Each structure stands twice: as structure tokens, then as C-alpha cells.
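Please look over this protein model.

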Amino acid sequence: MIGRLNHVAIAVKSLNAGIAIYKQTLGAKVSAPLPQPEHGVTVVFVELPNTKIELLEPLGANSPIAKFLERNADGGIHHICYEVDDILKARDQLKAQGARVLGDGTPKIGAHGKPVLFLHPKDFIGTLVELEQV
Ligand code: CO
């Protein structure tokens, strides 16, 4: 069902500190910050030869990553994103196997302009999983 690893998302309190680590310390190519008010985050994309890392900084009062950063003061891996060919088919197969899909189960348009869904971490070894239709 799942295909390529699309990205790993890391929540950070300070985007500038995260950019410095990936750009200066690790020598990676990092995009300009992109505010995404509808998702409550500002994002930068770290482009690696085989995948992407996304650094997420909270944006606005009701950021979905605010609680995560309360529990993880240094920041940390927030979710991983796998590509699927057909997100509705994937959703239905997963639900039939008892997996919980977050929200109302309707795909939303994610950070890359493609439909995404999130799966409950308790059903996936403690990892928040994002599915993105490519
Ligand atoms: Co993501």
C-alpha cells in the first residue's frame, strides 16, 4: 500500500535554530520559510537526495504542534509521511483493519498541495503517520 517516504517532519521551537543546524552544521539545502496559517505552522523544506525533512514551527494560537513542543522541549520527530497512489482506497483498507484515521477521515490538502490524511500514533508503533497521495 505505502510507497516512498515523502518526508520526515521535525517540530522545532525556533525555525532559525533548526535552519542553522541543517544548513550550517549539516550542510543541507534548506528552502525559505513558508507560513501555512491554515495548518498552524511555518515550514522549511530540507532537500535531501532521496527525501525531504520538514522543520515545523508553531504559527498562531492553536498550532497542532504546540502540545507536542510542550512535551518535547528540545523539539523532535513529529510525523513521517508515506506516499500512496490512492488515498481513499488506502484509508478504507486501513479502517477495515481497525486503524484510526484522525479527524473526520476526509483528506485535506497538505503542505504540498496534495491530499493528506493522518493515522493515529497508537495504531502505528507510537508514530504519527501522514499519508499523501502523489
Ligand atoms: Co507532513
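## Metal site

This is a predicted model. A cobalt ion has three named protein donors: His7 through NE2, His79 through NE2 and Glu130 through OE. These donors lie 2.0 to 2.1 Å from the cobalt ion. Along the sequence, the donor residues follow the spacing H-x71-H-x50-E.

His7 sits in strand β1 (residues 5-11), and Glu130 sits in strand β9 (residues 129-133), so this pair ties together parts that are 123 residues apart in sequence.

## Strand pairing

Strand β5 pairs with β1 and with β4. β1 and β5 run parallel and are joined by five bridges. Within this pairing, Ile10 has Leu55 of β5 as its bridge partner.

β4 and β5 run antiparallel, with seven bridges between them. Here Val43 has Leu56 of β5 as its bridge partner. A hairpin links β4 to β5 through four residues.

## Nonpolar cores

The largest nonpolar core holds 23 residues. Ile10, Tyr22, Val46, Ile53, Leu55 and Leu131 have the most contacts inside it.

Which residues does Ile10 contact, leaving aside its neighbours within four places in sequence? They are Tyr22, Ile53, Glu54, Leu55, Leu56, Gly76, Ile77 and His78. Of these, Leu55 is also the bridge partner of Ile10. Tyr22, Ile53 and Leu55 also belong to the set with the most contacts inside the largest core.

## A loop residue with positive phi

Ile125 is placed in the loop between β8 and β9. Its phi is near 55 degrees, a positive value in a residue other than glycine. Most residues other than glycine have a negative phi.

Is Ile125 buried or exposed? At 84% relative accessibility, Ile125 counts as exposed, because the cut-off for that class is over 50%.

Definitions and conventions
Residues are numbered from 1 along each chain as its sequence is written. This is a predicted model: local features need pLDDT of at least 70, side-chain atom pairs count only at pLDDT 80 or more; totals for chains, interfaces and linings use all residues. Side-chain values use heavy atoms; hydrogens and water are left out. Donors are N, O and S atoms within 2.8 Å of the metal (3.2 Å for Na, K and Ca); water is not among the atoms, so sites may look incomplete. Helices (H or I, at least four residues) and strands (E, at least two) are DSSP runs, numbered from the N terminus. A nonpolar core is a set of buried Ala, Val, Leu, Ile, Met, Phe, Trp, Tyr and Cys residues joined through side-chain atoms within 4.5 Å. Buried means under 20% relative accessible area, exposed over 50%, partly exposed in between (1.4 Å probe, protein chains only). Contact means heavy atoms within 4.5 Å. Two strands pair if DSSP finds at least two bridges between them.
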